[in-house]
Each structure stands twice: as C-alpha cells, then as structure tokens.
Amino acid sequence: MKTSVLASLLLLSAAAVTPLLLTGCASEAQSKTSAAAEKPKVELIPVEVAAVFQGDITARYAGTATLEAEREAKIVSEIGGVVLSLGAEEGQVVRKGQILARLDAERQSVLLRQAETELERLKLQDARNESLFQRQLIARNSYEQNKSDLATRKAEVDMARLSLSKCAVIAPFDGVITRRWVKQGQLLKLNEVAFEMADFRELKARLRVPERASAALKPGQLVDYSADALPGETFRAEVERVSPVVDAASGTVDIVVAVDNSSGKLRPGLFSRLDVAYDNVAAAILIPKAALLSGERETSVYVVRDSKAQRVAIKLGYESGNNVQVLHGLSPGADVVVAGQSALSEGSEVQALRTTAVAETVAKR
C-alpha cells in the first residue's frame, strides 16, 4: 500500500517537471533565433572585373591635318601690258614652259629693234676704229670708248630680248592651274598675280606630335592615312622630315608626312586623318582603360582580393585602343574592377562578376 502511494507521487512529480523543462528549452531556442535575426547582414557590392594580362602594345599618335602641295606658286607678270590671249584655265594640267597668257609685245619689239640698230652701228664703227688704231690714226681713248659703248649696246639688246620674252606668262613647273586672276583684254600691271598653280603629285601633311613620340620617329616610317572626302580609300604615306627642335610653348615637334597621290584623287586642302605608329612593346602588362580611376596626383585602380576592393596606385605607359600599359603597380592575373567603381571605397566587400564582354576581351589576349 505504501509502495503504490509512493509510485503515484513520483509519477505526479515527473509530470509536473517535464512541462517546465520543455518550456525552458523552447525559450532558449527562441532567444538564439532572435539574436541571429538582430545581427546585421553584410551586403556585397556587385562589380565587373577583368584580369590583368600580358600582350603586345603599339604606341600610336593620331592627328588631323590639311593636305598641302609641296610645290605651289603665284605666277606674276614681270612686265606690264594688255592681255591679248589666255592659254590655260582653272583645273587644267600644264607643263613646265607652257604659255599661260600672252601680253601686248609691241613696245618691247620696238625697243629691241632700236637696240639692235644701235648695236650694228657701233659694230661698224668698231671695225673702222680697229683699222685706224693699228695705223695710229686714232687716239687710244676714242678707240677704247667705242669698245665700251659696243659692250653696253650688246647688254641693251640682251635686255630688250629678255623683256620681249616676258610678254608671255609661262608655267614654272608641271602642275595644275588652281586660280586664274586675269581676263583677256585686261591691263596687267608689273608684278601683278596672273595665275596660281600647284603640283598635285607631291602632297604633304604637317603634324605636331608630342616630344616623347617624336624621339622614335624617323624618315621613311609608314603612316596610316585617310581623307574624310574619300571614305574607304587607302593611300601610301610616310614620314619625310622630323623637326630637330621642340616647340617650348607646346612641347611638340613638327613632322612632315609625304602622301602618295599617284592616283590623282587627292587635292590640296583636303581634311586628312593620320595615325603614326612610333613604338611597339612586347609582353607588356595591360588592363582595360575602363578600370582607371583618375586622382589629383596619381592614377589608380580597384583590385579585388579576398572579395574585398583595394585601391592601388599605378604608373601608366602607352595606350592603344581599349587597353593601357601598366609600368608599375600590378601583376598579370590580378582582377581589376572595370565597372561599379563609384560605389566602392577601400575595403568594400564585393561580388565580382565577369560579364560576357569582359570574358571575351580576356579570352582574346
């Protein structure tokens, strides 16, 4: 009897304790869940990255210029006179020595005949004086004076003939008439411009390049040349001259590029684009230009290491296309941020993504 009562009491005690134990465990689990919910969750900043790689890079300088004719001239009249006829028009190809215009030569012809007549008289006088002088029938001073007059008249005849030849305006070299300033019947004054002409076969373009680039430029170096007016056309061009001095104000050097116009399609005055390759570096360390951060004193990039962004200062070399050369600060294989830099700061935790475009760029290297 006592034993059964004791057993009943033990059962009642166990039943009373069990709910308390269950309640305590539930409270502890609930507090742990609450603490986990209160802990702040770190947000990863999504960025696009590209790998630093090695490859060849060619340093180029691109510029624009206007084509010029190496030989061009303003043709003036060396005497005054009325224009009797024209022998060339604008756009016409002419040869050296070709008559472009004829002037009234009547006055020059009269002066030539007058000088020639006087010369013949002095020649006869000189022949008589020679005979008389040999027989000592004429004074030496009279004999020598006639000799002097004869030489003067010969020079006058030559001058008159030269003046007569100047009554024709003549092309000084092979080329194209670019401008006609005179009309038939017009009175052309001394040293007045009658025509302008240029030789289209020898065309030049002048560029100003940075002194760093000029150090590697040499005559004969090929240049990529194109003209906006002739899309799709290619022309041979090469560096002809490099100035030996640097312009102190701009830090540039003048170069002259010779452009081949054997096709005859180019003309002076055309707006031209020139691309000069002046150096090539093999196995250079390269990154996309999109990764650059420009600071006040230095250029830097964000590098992703252990899912964190670190700002690294770098020194740049040449630039070509979408890539730039890194001289110091990075090693091949490192991941640099190419998009999303504006949301980053030193130590930001990031989620690195490689887009299709970036992957393709890396795969091509």
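1. The side chain of Gln221 reaches the backbone oxygen of Ala277 at 2.7 Å. Gln221 sits in the loop between α4 (211-214) and β13 (222-227); helices (H or I, at least four residues) and strands (E, at least two) are DSSP runs, numbered from the N terminus.

2. A word on the model itself. It is predicted, so local features need pLDDT of at least 70 and side-chain atom pairs count only at pLDDT 80 or more, while totals for chains, interfaces and linings use all residues. Residues are numbered from 1 along each chain as its sequence is written, and side-chain values use heavy atoms, with hydrogens and water left out.

3. Is Gln221 buried or exposed? With 19% relative accessibility, Gln221 counts as buried (under 20% relative accessible area; exposed is over 50%, partly exposed in between; 1.4 Å probe, protein chains only). Leaving aside neighbours within four places in sequence, Gln221 is in contact (heavy atoms within 4.5 Å) with Ala216, Ala237, Glu238, Val239, Ala277 and Tyr278.

4. Now over to Val82. Val82 lies in strand β5 (residues 81-86) and, at 32% relative accessibility, counts as partly exposed.

5. Zooming out, the protein has 5 helices and 22 strands. Buried residues account for 31% of its 365 residues. Take the contacts between residues at least 6 apart in sequence: 74% of them join residues at least 24 apart.

Conventions
A polar contact is a pair of N or O atoms within 3.5 Å; within protein, one must be able to donate a hydrogen and the other to accept it, and residues adjacent in sequence count only if both atoms are side-chain atoms.
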